[in-house]
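Please look through the sequence and the model shown here before reading on.

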Amino acid sequence: VGIAKPADIIYGSQRLTFWAKVLCEIDDVETIDVAEDRNRVKESLKHWLENWNAAGILERFNELSDEILNTKIWYISVRVEKTFGVVANAVQTFFDESISLEVCLQRIADAFSDSETDYQIRQNNLVALVSFIKSASNREQIWGYLAICEKTAVEEVEELRAKLFGLLDETSTSPTSEKNREMETLWREFHKLYSEHFSLKHDLIMRSHQLQEKFDEILKSDQWWEFQNLSNLPIFHQGFWTDTQKILKQFHELDCSFDVREMLKTNPFCGCSFNLTQMHNWENLPKTLIKVVESGRQSYRRTLNIISEPLIRSLQNYIQEETDDNFIESAKDLIEKLQTKTNIQSFNTTQLYILHKIINTLNTTLTINVKYPTNNGLNNAEELRENLNQWIDELPSEPAFLKIV
(Lines give C-alpha, C1' and ligand atoms only; values in the text may rest on other atoms or scores of the structure.)
Protein backbone atom coordinates (compact mmCIF):
# COMPACT_ATOMS: atom_id res chain seq x y z
CA VAL A 1 0.00 0.00 0.00
CA GLY A 2 2.84 2.42 0.84
CA ILE A 3 6.03 3.11 2.74
CA ALA A 4 6.32 5.10 5.96
CA LYS A 5 8.85 5.70 8.70
CA PRO A 6 8.46 3.26 11.58
CA ALA A 7 6.57 4.69 14.53
CA ASP A 8 8.64 2.81 17.08
CA ILE A 9 12.24 3.46 18.02
CA ILE A 10 14.32 0.64 16.53
CA TYR A 11 17.77 1.81 17.71
CA GLY A 12 18.96 1.61 21.30
CA SER A 13 19.99 4.68 23.26
CA GLN A 14 23.67 3.87 22.80
CA ARG A 15 23.33 3.85 19.00
CA LEU A 16 21.29 7.04 19.06
CA THR A 17 23.92 8.65 21.30
CA PHE A 18 26.57 7.52 18.83
CA TRP A 19 24.86 9.40 15.98
CA ALA A 20 24.54 12.51 18.12
CA LYS A 21 28.29 12.36 18.80
CA VAL A 22 29.13 11.78 15.12
CA LEU A 23 26.93 14.58 13.78
CA CYS A 24 27.81 17.18 16.42
CA GLU A 25 31.41 16.04 16.85
CA ILE A 26 31.19 15.72 20.63
CA ASP A 27 32.98 13.11 22.77
CA ASP A 28 32.05 14.17 26.30
CA VAL A 29 28.73 12.33 26.46
CA GLU A 30 28.00 8.73 27.38
CA THR A 31 24.27 8.22 26.82
CA ILE A 32 21.14 10.24 26.24
CA ASP A 33 19.58 8.30 29.10
CA VAL A 34 21.48 10.55 31.51
CA ALA A 35 19.91 13.98 31.91
CA GLU A 36 23.23 15.86 31.83
CA ASP A 37 24.34 14.12 28.63
CA ARG A 38 20.89 14.53 27.14
CA ASN A 39 21.05 18.29 27.69
CA ARG A 40 24.56 18.33 26.22
CA VAL A 41 23.23 16.60 23.07
CA LYS A 42 20.37 19.08 22.79
CA GLU A 43 22.77 22.05 23.02
CA SER A 44 25.06 20.50 20.41
CA LEU A 45 22.16 19.82 18.05
CA LYS A 46 21.02 23.43 18.44
CA HIS A 47 24.52 24.67 17.67
CA TRP A 48 24.75 22.36 14.62
CA LEU A 49 21.40 23.62 13.27
CA GLU A 50 22.42 27.26 13.76
CA ASN A 51 25.64 26.66 11.80
CA TRP A 52 23.76 24.78 9.07
CA ASN A 53 21.21 27.55 8.64
CA ALA A 54 23.90 30.23 8.71
CA ALA A 55 25.90 28.42 6.01
CA GLY A 56 22.81 28.14 3.75
CA ILE A 57 24.65 25.58 1.62
CA LEU A 58 21.69 24.22 -0.34
CA GLU A 59 20.19 27.67 -0.82
CA ARG A 60 23.47 29.07 -2.09
CA PHE A 61 23.89 26.16 -4.47
CA ASN A 62 20.40 26.67 -5.90
CA GLU A 63 21.24 30.33 -6.55
CA LEU A 64 24.19 29.42 -8.79
CA SER A 65 23.82 29.86 -12.53
CA ASP A 66 23.00 26.64 -14.40
CA GLU A 67 25.79 27.49 -16.84
CA ILE A 68 28.52 26.71 -14.29
CA LEU A 69 27.00 23.43 -13.06
CA ASN A 70 27.82 19.94 -14.28
CA THR A 71 26.20 16.53 -13.87
CA LYS A 72 28.64 15.33 -11.22
CA ILE A 73 28.22 18.31 -8.90
CA TRP A 74 24.46 18.20 -9.40
CA TYR A 75 24.35 14.58 -8.20
CA ILE A 76 26.49 15.53 -5.20
CA SER A 77 24.04 18.28 -4.30
CA VAL A 78 21.12 15.81 -4.52
CA ARG A 79 22.90 13.37 -2.15
CA VAL A 80 23.67 16.17 0.31
CA GLU A 81 20.06 17.34 0.24
CA LYS A 82 18.76 13.79 0.83
CA THR A 83 21.06 13.28 3.81
CA PHE A 84 22.10 16.49 5.55
CA GLY A 85 18.99 18.25 4.29
CA VAL A 86 16.88 15.54 5.94
CA VAL A 87 18.98 15.80 9.10
CA ALA A 88 18.40 19.57 9.28
CA ASN A 89 14.64 19.04 8.91
CA ALA A 90 14.66 16.42 11.67
CA VAL A 91 16.58 18.66 14.06
CA GLN A 92 14.32 21.64 13.28
CA THR A 93 11.25 19.47 13.86
CA PHE A 94 12.66 18.40 17.24
CA PHE A 95 13.17 22.00 18.35
CA ASP A 96 9.65 22.78 17.15
CA GLU A 97 8.65 20.17 19.78
CA SER A 98 6.96 18.01 17.16
CA ILE A 99 9.09 14.92 17.81
CA SER A 100 11.17 13.53 20.64
CA LEU A 101 14.96 13.53 20.81
CA GLU A 102 14.99 9.77 20.19
CA VAL A 103 12.90 10.07 17.02
CA CYS A 104 15.11 12.93 15.85
CA LEU A 105 18.28 10.90 16.32
CA GLN A 106 16.70 7.88 14.67
CA ARG A 107 15.90 9.98 11.57
CA ILE A 108 19.50 11.13 11.54
CA ALA A 109 20.68 7.51 11.63
CA ASP A 110 18.21 6.54 8.89
CA ALA A 111 19.44 9.36 6.65
CA PHE A 112 22.79 7.60 6.49
CA SER A 113 21.36 4.07 6.57
CA ASP A 114 22.89 3.73 10.03
CA SER A 115 26.26 3.36 8.28
CA GLU A 116 29.42 5.15 9.36
CA THR A 117 30.87 4.53 5.91
CA ASP A 118 27.86 6.10 4.24
CA TYR A 119 28.09 9.05 6.61
CA GLN A 120 31.75 9.62 5.72
CA ILE A 121 30.95 9.48 2.01
CA ARG A 122 28.15 12.04 2.42
CA GLN A 123 30.40 14.18 4.60
CA ASN A 124 32.93 14.19 1.77
CA ASN A 125 30.10 15.12 -0.61
CA LEU A 126 29.21 18.04 1.67
CA VAL A 127 32.82 19.25 1.77
CA ALA A 128 33.02 19.03 -2.04
CA LEU A 129 29.77 20.96 -2.43
CA VAL A 130 30.96 23.69 -0.07
CA SER A 131 34.27 23.89 -1.95
CA PHE A 132 32.41 24.19 -5.26
CA ILE A 133 30.17 26.96 -3.94
CA LYS A 134 33.08 28.89 -2.42
CA SER A 135 35.08 28.76 -5.63
CA ALA A 136 32.13 29.45 -7.95
CA SER A 137 32.57 33.22 -7.97
CA ASN A 138 36.34 33.07 -8.45
CA ARG A 139 36.03 30.36 -11.06
CA GLU A 140 33.50 32.38 -13.05
CA GLN A 141 35.70 35.48 -12.83
CA ILE A 142 38.78 33.56 -13.99
CA TRP A 143 36.86 31.85 -16.80
CA GLY A 144 35.54 35.20 -18.00
CA TYR A 145 39.02 36.77 -17.94
CA LEU A 146 40.79 33.88 -19.68
CA ALA A 147 38.06 33.54 -22.33
CA ILE A 148 39.00 36.91 -23.87
CA CYS A 149 42.62 37.04 -22.72
CA GLU A 150 45.13 37.38 -25.56
CA LYS A 151 48.04 34.99 -26.09
CA THR A 152 51.34 36.54 -25.03
CA ALA A 153 54.02 34.25 -26.52
CA VAL A 154 55.66 34.39 -23.06
CA GLU A 155 56.37 30.81 -21.97
CA GLU A 156 55.85 31.36 -18.24
CA VAL A 157 52.53 33.15 -18.76
CA GLU A 158 51.23 30.50 -21.16
CA GLU A 159 52.24 27.67 -18.81
CA LEU A 160 50.30 29.30 -16.00
CA ARG A 161 47.33 29.76 -18.34
CA ALA A 162 47.34 26.04 -19.22
CA LYS A 163 47.55 25.04 -15.54
CA LEU A 164 44.70 27.40 -14.69
CA PHE A 165 42.46 25.86 -17.34
CA GLY A 166 43.20 22.43 -15.86
CA LEU A 167 42.42 23.58 -12.33
CA LEU A 168 39.23 25.28 -13.44
CA ASP A 169 38.07 21.93 -14.74
CA GLU A 170 39.17 20.08 -11.60
CA THR A 171 37.55 22.53 -9.18
CA SER A 172 34.36 22.22 -11.21
CA THR A 173 34.16 18.41 -11.28
CA SER A 174 36.14 17.40 -8.17
CA PRO A 175 36.27 20.46 -5.92
CA THR A 176 38.39 20.55 -2.78
CA SER A 177 39.64 23.37 -0.60
CA GLU A 178 43.24 22.49 -1.55
CA LYS A 179 42.47 22.82 -5.27
CA ASN A 180 40.64 26.08 -4.60
CA ARG A 181 43.70 27.51 -2.88
CA GLU A 182 45.98 26.30 -5.66
CA MET A 183 43.70 27.86 -8.27
CA GLU A 184 43.65 31.20 -6.45
CA THR A 185 47.44 31.20 -6.10
CA LEU A 186 47.96 30.42 -9.79
CA TRP A 187 45.39 33.03 -10.76
CA ARG A 188 47.15 35.78 -8.79
CA GLU A 189 50.49 34.81 -10.33
CA PHE A 190 49.08 34.64 -13.88
CA HIS A 191 47.18 37.92 -13.54
CA LYS A 192 50.28 39.71 -12.26
CA LEU A 193 52.56 38.45 -15.06
CA TYR A 194 49.96 39.00 -17.80
CA SER A 195 49.18 42.54 -16.57
CA GLU A 196 52.88 43.43 -16.46
CA HIS A 197 53.45 42.07 -19.97
CA PHE A 198 50.37 43.77 -21.46
CA SER A 199 51.09 47.11 -19.76
CA LEU A 200 54.68 47.11 -20.98
CA LYS A 201 53.72 46.36 -24.60
CA HIS A 202 50.83 48.82 -24.41
CA ASP A 203 53.01 51.71 -23.25
CA LEU A 204 55.69 50.80 -25.79
CA ILE A 205 53.20 51.48 -28.59
CA MET A 206 50.40 53.70 -27.33
CA ARG A 207 52.73 56.14 -25.59
CA SER A 208 55.63 55.92 -28.01
CA HIS A 209 57.33 59.26 -28.71
CA GLN A 210 59.23 57.63 -31.55
CA LEU A 211 56.05 56.68 -33.42
CA GLN A 212 54.63 60.13 -32.80
CA GLU A 213 57.76 61.72 -34.27
CA LYS A 214 57.64 59.46 -37.37
CA PHE A 215 54.04 60.45 -38.05
CA ASP A 216 54.79 64.14 -37.55
CA GLU A 217 57.66 63.84 -40.02
CA ILE A 218 55.40 62.24 -42.65
CA LEU A 219 52.63 64.81 -42.23
CA LYS A 220 55.13 67.66 -42.64
CA SER A 221 56.68 66.18 -45.78
CA ASP A 222 56.27 67.52 -49.34
CA GLN A 223 55.00 64.10 -50.43
CA TRP A 224 52.10 64.22 -47.98
CA TRP A 225 51.31 67.83 -48.90
CA GLU A 226 51.16 66.93 -52.61
CA PHE A 227 49.12 63.77 -51.95
CA GLN A 228 46.67 65.71 -49.81
CA ASN A 229 46.17 68.38 -52.48
CA LEU A 230 45.74 65.91 -55.33
CA SER A 231 43.31 63.81 -53.31
CA ASN A 232 40.94 66.78 -53.22
CA LEU A 233 40.42 66.53 -56.97
CA PRO A 234 37.29 64.52 -57.86
CA ILE A 235 38.94 63.00 -60.93
CA PHE A 236 41.14 60.74 -58.78
CA HIS A 237 40.07 57.53 -57.08
CA GLN A 238 39.37 58.29 -53.39
CA GLY A 239 40.37 54.90 -52.02
CA PHE A 240 43.91 55.99 -51.18
CA TRP A 241 42.69 59.03 -49.27
CA THR A 242 40.19 56.89 -47.37
CA ASP A 243 42.95 54.45 -46.41
CA THR A 244 45.17 57.24 -45.11
CA GLN A 245 42.32 58.60 -42.97
CA LYS A 246 41.90 55.17 -41.37
CA ILE A 247 45.60 55.06 -40.60
CA LEU A 248 45.52 58.58 -39.17
CA LYS A 249 42.58 57.62 -36.99
CA GLN A 250 44.73 54.84 -35.53
CA PHE A 251 47.57 57.30 -35.14
CA HIS A 252 45.41 59.67 -33.07
CA GLU A 253 44.72 56.74 -30.70
CA LEU A 254 48.41 56.39 -29.92
CA ASP A 255 48.17 58.88 -27.06
CA CYS A 256 46.12 56.59 -24.80
CA SER A 257 44.57 58.38 -21.82
CA PHE A 258 43.34 55.27 -19.99
CA ASP A 259 44.96 53.86 -16.84
CA VAL A 260 45.79 50.51 -18.42
CA ARG A 261 46.97 48.90 -15.16
CA GLU A 262 43.74 49.81 -13.43
CA MET A 263 41.65 48.44 -16.30
CA LEU A 264 43.61 45.17 -16.33
CA LYS A 265 42.45 44.42 -12.80
CA THR A 266 39.03 43.44 -14.14
CA ASN A 267 39.52 43.15 -17.93
CA PRO A 268 42.38 41.68 -20.00
CA PHE A 269 42.50 44.73 -22.27
CA CYS A 270 42.75 48.51 -22.33
CA GLY A 271 39.95 50.90 -23.22
CA CYS A 272 41.89 52.00 -26.30
CA SER A 273 42.21 49.93 -29.49
CA PHE A 274 45.56 48.34 -28.61
CA ASN A 275 45.93 44.57 -28.63
CA LEU A 276 48.94 42.28 -28.48
CA THR A 277 48.24 40.46 -31.75
CA GLN A 278 48.44 43.71 -33.75
CA MET A 279 51.59 45.09 -32.16
CA HIS A 280 53.55 44.52 -35.38
CA ASN A 281 50.91 46.44 -37.34
CA TRP A 282 51.10 49.34 -34.90
CA GLU A 283 54.90 49.45 -35.12
CA ASN A 284 54.72 49.48 -38.94
CA LEU A 285 51.96 52.09 -39.09
CA PRO A 286 54.28 54.89 -40.33
CA LYS A 287 55.64 52.60 -43.08
CA THR A 288 52.08 51.66 -44.03
CA LEU A 289 51.12 55.33 -44.31
CA ILE A 290 54.14 56.08 -46.50
CA LYS A 291 53.32 53.11 -48.73
CA VAL A 292 49.70 54.23 -49.22
CA VAL A 293 50.77 57.82 -49.92
CA GLU A 294 53.33 56.71 -52.52
CA SER A 295 50.88 54.28 -54.13
CA GLY A 296 48.32 57.08 -54.30
CA ARG A 297 50.76 59.53 -55.85
CA GLN A 298 51.77 57.03 -58.52
CA SER A 299 48.15 56.13 -59.20
CA TYR A 300 47.26 59.80 -59.60
CA ARG A 301 50.07 60.21 -62.13
CA ARG A 302 48.82 57.27 -64.17
CA THR A 303 45.37 58.84 -64.14
CA LEU A 304 46.85 62.10 -65.38
CA ASN A 305 48.52 60.21 -68.24
CA ILE A 306 45.15 58.78 -69.25
CA ILE A 307 43.64 62.28 -69.51
CA SER A 308 46.85 63.89 -70.76
CA GLU A 309 45.46 64.97 -74.16
CA PRO A 310 42.55 67.11 -72.91
CA LEU A 311 44.76 68.33 -70.05
CA ILE A 312 47.47 69.51 -72.47
CA ARG A 313 44.92 71.34 -74.59
CA SER A 314 43.52 73.08 -71.52
CA LEU A 315 47.03 73.94 -70.32
CA GLN A 316 47.91 75.45 -73.72
CA ASN A 317 44.81 77.62 -73.57
CA TYR A 318 45.73 78.57 -70.01
CA ILE A 319 49.20 79.72 -71.12
CA GLN A 320 47.72 81.98 -73.77
CA GLU A 321 45.53 83.69 -71.19
CA GLU A 322 48.07 83.84 -68.34
CA THR A 323 50.46 86.78 -67.88
CA ASP A 324 52.45 85.66 -64.84
CA ASP A 325 55.80 84.26 -65.99
CA ASN A 326 56.06 81.87 -63.06
CA PHE A 327 52.67 80.35 -63.82
CA ILE A 328 53.51 80.10 -67.54
CA GLU A 329 56.82 78.32 -66.88
CA SER A 330 55.17 75.87 -64.47
CA ALA A 331 52.42 75.13 -67.00
CA LYS A 332 54.95 74.56 -69.81
CA ASP A 333 56.93 72.19 -67.60
CA LEU A 334 53.73 70.29 -66.80
CA ILE A 335 52.83 70.03 -70.52
CA GLU A 336 56.29 68.65 -71.31
CA LYS A 337 56.02 65.95 -68.69
CA LEU A 338 52.54 64.95 -69.82
CA GLN A 339 53.64 64.80 -73.46
CA THR A 340 56.65 62.58 -72.77
CA LYS A 341 54.67 60.36 -70.35
CA THR A 342 57.50 60.65 -67.85
CA ASN A 343 57.03 59.71 -64.24
CA ILE A 344 56.60 63.09 -62.63
CA GLN A 345 58.64 63.10 -59.44
CA SER A 346 56.82 66.00 -57.79
CA PHE A 347 54.56 68.95 -58.39
CA ASN A 348 55.41 72.38 -57.12
CA THR A 349 52.87 74.65 -55.49
CA THR A 350 52.14 76.51 -58.70
CA GLN A 351 51.59 73.34 -60.69
CA LEU A 352 49.17 72.00 -58.09
CA TYR A 353 47.25 75.27 -58.29
CA ILE A 354 47.12 75.02 -62.08
CA LEU A 355 45.98 71.37 -61.98
CA HIS A 356 43.16 72.27 -59.61
CA LYS A 357 42.07 75.11 -61.81
CA ILE A 358 42.27 73.12 -65.08
CA ILE A 359 40.65 69.92 -63.84
CA ASN A 360 37.82 71.74 -62.11
CA THR A 361 37.01 73.55 -65.36
CA LEU A 362 37.13 70.51 -67.66
CA ASN A 363 34.01 70.03 -69.76
CA THR A 364 31.64 67.61 -68.01
CA THR A 365 30.87 66.02 -71.40
CA LEU A 366 34.54 65.24 -71.93
CA THR A 367 35.00 61.79 -73.50
CA ILE A 368 38.26 59.90 -73.02
CA ASN A 369 39.29 56.80 -74.96
CA VAL A 370 40.75 54.05 -72.79
CA LYS A 371 42.03 50.57 -73.55
CA TYR A 372 41.92 47.39 -71.55
CA PRO A 373 45.29 46.72 -69.89
CA THR A 374 47.40 44.21 -71.78
CA ASN A 375 49.31 41.48 -70.03
CA ASN A 376 51.29 38.96 -72.00
CA GLY A 377 52.00 36.80 -68.97
CA LEU A 378 49.84 34.10 -67.46
CA ASN A 379 47.54 35.02 -64.58
CA ASN A 380 45.18 33.09 -62.38
CA ALA A 381 41.69 34.44 -61.77
CA GLU A 382 42.66 36.24 -58.55
CA GLU A 383 45.65 37.99 -60.15
CA LEU A 384 43.59 39.00 -63.17
CA ARG A 385 40.85 40.40 -60.91
CA GLU A 386 43.44 42.38 -58.92
CA ASN A 387 44.99 43.86 -62.09
CA LEU A 388 41.60 44.84 -63.49
CA ASN A 389 40.54 46.41 -60.19
CA GLN A 390 43.74 48.46 -60.10
CA TRP A 391 43.16 49.61 -63.69
CA ILE A 392 39.56 50.58 -62.88
CA ASP A 393 40.69 52.50 -59.80
CA GLU A 394 43.09 54.54 -61.91
CA LEU A 395 40.49 55.53 -64.48
CA PRO A 396 39.42 59.16 -64.12
CA SER A 397 36.19 59.85 -62.28
CA GLU A 398 34.26 63.11 -62.63
CA PRO A 399 34.14 65.14 -64.83
CA ALA A 400 34.75 62.66 -67.70
CA PHE A 401 33.06 59.94 -69.70
CA LEU A 402 35.08 56.87 -70.65
CA LYS A 403 34.97 55.01 -73.95
CA ILE A 404 36.53 51.56 -74.17
CA VAL A 405 38.38 51.19 -77.51
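Which residues gather in a patch of negative charge on the surface? In this predicted model, the patch is formed by Glu-155, Glu-156, Glu-159 and Glu-189. Helix α7, which covers residues 155-173, gives the most to the negative patch, with three residues. Glu-155 has its place in helix α7, and because its relative accessibility is 60%, where exposed means over 50%, Glu-155 counts as exposed.

When its neighbours within four places in sequence are left aside, Ser-199 is in contact with Val-260, Arg-261 and Leu-264.

The next topic is the pairing of charges. Side chains of opposite charge can pair when their charged atoms come close. A search of the whole structure finds 14 salt bridges, and one of them joins Arg-40 to Asp-28, with the closest N and O atoms 3.0 Å apart. Arg-40 lies in helix α2 (residues 35-55), whereas Asp-28 lies in the loop between α1 (13-24) and α2, so this pair ties together parts that are 12 residues apart in sequence. Arg-40 counts as partly exposed at 28% relative accessibility, and Asp-28 is also partly exposed, with a relative accessible area of 48%.

Arg-38 is partly exposed, its relative accessible area being 21%.

Where do Asp-333 and Lys-337 lie? Both are in helix α16 (residues 325-340), four residues apart, which is about one turn of the helix, and their side chains meet in a salt bridge with an N to O distance of 3.2 Å. Asp-333 counts as partly exposed at 28% relative accessibility, and Lys-337 is partly exposed as well, with a relative accessible area of 21%. Elsewhere, salt bridges that share partners join Glu-226, Glu-294, Arg-297 and Arg-301 into one network.

Definitions and conventions
Residues numbered from 1 in each chain as written. Predicted model: local features only at pLDDT ≥ 70, side-chain atom pairs only at ≥ 80, totals over all residues. Heavy atoms only, no water. Patch = residues over 30% accessible without salt bridge, like charges linked within 9 Å, V, L, I, M, F, W, Y side chains within 5 Å. Areas by Shrake-Rupley, 256 points an atom, 1.4 Å probe, with all protein chains shown as cover. Salt bridge = Lys/Arg side-chain N within 4 Å of Asp/Glu carboxyl O. Lys, Arg positive; Asp, Glu negative; His and termini not counted. Charge placed at Lys NZ, Arg CZ, Asp CG, Glu CD. Helix = DSSP H or I, 4+ residues; strand = E, 2+ residues; numbered from the N terminus. Buried < 20%, exposed > 50% of the residue type's maximum accessible area, 1.4 Å probe, protein only. Contact = heavy atoms within 4.5 Å.
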